[in-house]
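Here is a briefing for a reader who is new to this structure. Look at the sequence and the model, then go through the points by topic.

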Amino acid sequence: MTLTSLVYIERNNRLLMLHRVKKGKDINRGKWVGIGGKFEKGESPLECAKREVKEETGWDLLAPHFAGIVTFIYGADVPLYMFVYTGTIASDEVVENDEGVMAWIPKEKLFDLNLWAGDVKFLEPLLLGQTPFDIKVVYDEKGRLIESQTWK
C-alpha cells in the first residue's frame, strides 16, 4: 500500500494544477493533477500535504481543509490511498519544479484538461462542496477506468 496526500489549491475561483510533463517514466505523464506526493516516514496526511505544497509551490499551505479519501487501484499494483485536501497559498507566483508545469485553471475549464477519468469522480463533489468523500477508482493495466464507487 502507498499513502499520499493530494491538494487542490484554490485562489480567485481557480485551481492550481500541475501538468505532469517533465519526468520520463511517470504514470501521470501528460495528465493534469493537483499538488501532492507520497508520505515520508512518520508524517500524517496533513503534514505530507503541507510539505508537498511547500516543496512544489514555494509557499505554505493556508486554510487546509480535509476533502476526502480516494482508493486508487491501477492494474496489479498495490493500492494507493490519497488523502485529498483543499487550501490556499499567499500568491499566484509559484516556484518551478521538476515534475511538470503549473498553471492556474479557472474552475469552469477544469474538466477540459487531460485528467484521470477517476479524478472527475472526486473533483465534481469537491467543487460542489460535497465533502468529505470516500471514493474508490479502479483502472486496468492500460489506464482505463473500469470501476468506481462512492460512499457517503
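Ile73 has Val138 in E8 as its bridge partner. E5 and E8 run parallel and share seven bridges; two strands count as paired if DSSP finds at least two bridges between them. Strands (E, at least two residues) and helices (H or I, at least four) are DSSP runs, numbered from the N terminus.

This is a predicted model, in which local features need pLDDT of at least 70 and side-chain atom pairs count only at pLDDT 80 or more, while totals for chains, interfaces and linings use all residues. Residues are numbered from 1 along each chain as its sequence is written, and side-chain values use heavy atoms, with hydrogens and water left out.

**Strand E8 and its partners**

- E8 is largely enclosed by the rest of the structure, because five of its seven residues are buried. Buried means under 20% relative accessible area, exposed means over 50%, and partly exposed is in between (1.4 Å probe, protein chains only).
- E8 also pairs with E9, in the antiparallel sense, through six bridges.
- Val137 has Ser148 in E9 as its bridge partner.
- Five residues lie between the strands in the hairpin of E8 and E9. Gly143 in this hairpin has a positive phi near 85 degrees.
- Trp151 belongs to strand E9 (residues 145–151). Trp151 is partly exposed, at 41% relative accessible area.
- Trp151 and Ile135 are 16 residues apart in sequence, and their C-alpha atoms are 6.3 Å apart in space.
- Trp151 touches Asp134, Ile135 and Lys136, with residues up to four places away in sequence not counted. Contact here means heavy atoms within 4.5 Å.

**Backbone exceptions**

- Most residues other than glycine have a negative phi, and most peptide bonds are trans.
- Thr131 and Pro132 are joined by a cis peptide bond, with omega about 0 degrees. Pro132 sits in the loop between helix H2 (117–127) and strand E8 (133–139).
- Asn13 is not glycine, yet its phi is positive, near 60 degrees. Asn13 lies in the loop that links strand E1 (2–11) and strand E2 (14–19).
- Ala63 also has a positive phi, near 50 degrees. Ala63 is part of strand E5 (residues 62–74).
- Is Ala63 buried or exposed? Ala63 is exposed, at 59% relative accessible area.

**Two buried polar residues**

- Ser5 is in strand E1. Ser5 counts as buried, at 1% relative accessibility.
- A polar atom of the Ser5 side chain lies 2.7 Å from the backbone oxygen of Pro45. A polar contact is a pair of N or O atoms within 3.5 Å; within protein, one must be able to donate a hydrogen and the other to accept it, and residues adjacent in sequence count only if both atoms are side-chain atoms.
- Beyond its neighbours within four places in sequence, Ser5 is in contact with residues including Ile35, Phe39, Cys48 and Tyr85.
- Asn97 lies in the loop between strand E6 (80–88) and strand E7 (101–106). Asn97 counts as buried, at 9% relative accessibility.
- The Asn97 side chain reaches the backbone nitrogen of Glu99 at 2.8 Å and the backbone nitrogen of Gly100 at 3.1 Å.
- Asn97 also touches Leu18, Lys22, Glu56 and Met102, with residues up to four places away in sequence left out.

**Nonpolar core**

- The largest nonpolar core has 40 residues. Such a core is a set of buried Ala, Val, Leu, Ile, Met, Phe, Trp, Tyr and Cys residues joined through side-chain atoms within 4.5 Å.
- Tyr8, Ile9, Met17, Phe72, Phe122 and Phe133 have the most contacts inside this core. E6 gives the most to this core, with five residues.
- Met17 is in contact with Tyr8, Trp32, Val101 and Leu115, among others, leaving aside its neighbours within four places in sequence.

**Largest pocket**

- The largest pocket is lined by 28 residues. Thr4, Ile27, Asn28, Lys38 and Leu80 lie nearest its centre.
- E1, strand E4 (35–38), helix H1 (45–57), E5 and E6 each supply at least two lining residues.
- On a 1 Å grid over the protein atoms alone, a pocket is an open set of points where a 1.4 Å probe fits, with protein on both sides within 12 Å along at least five of seven lines; lining residues have an atom within 4 Å of a point.
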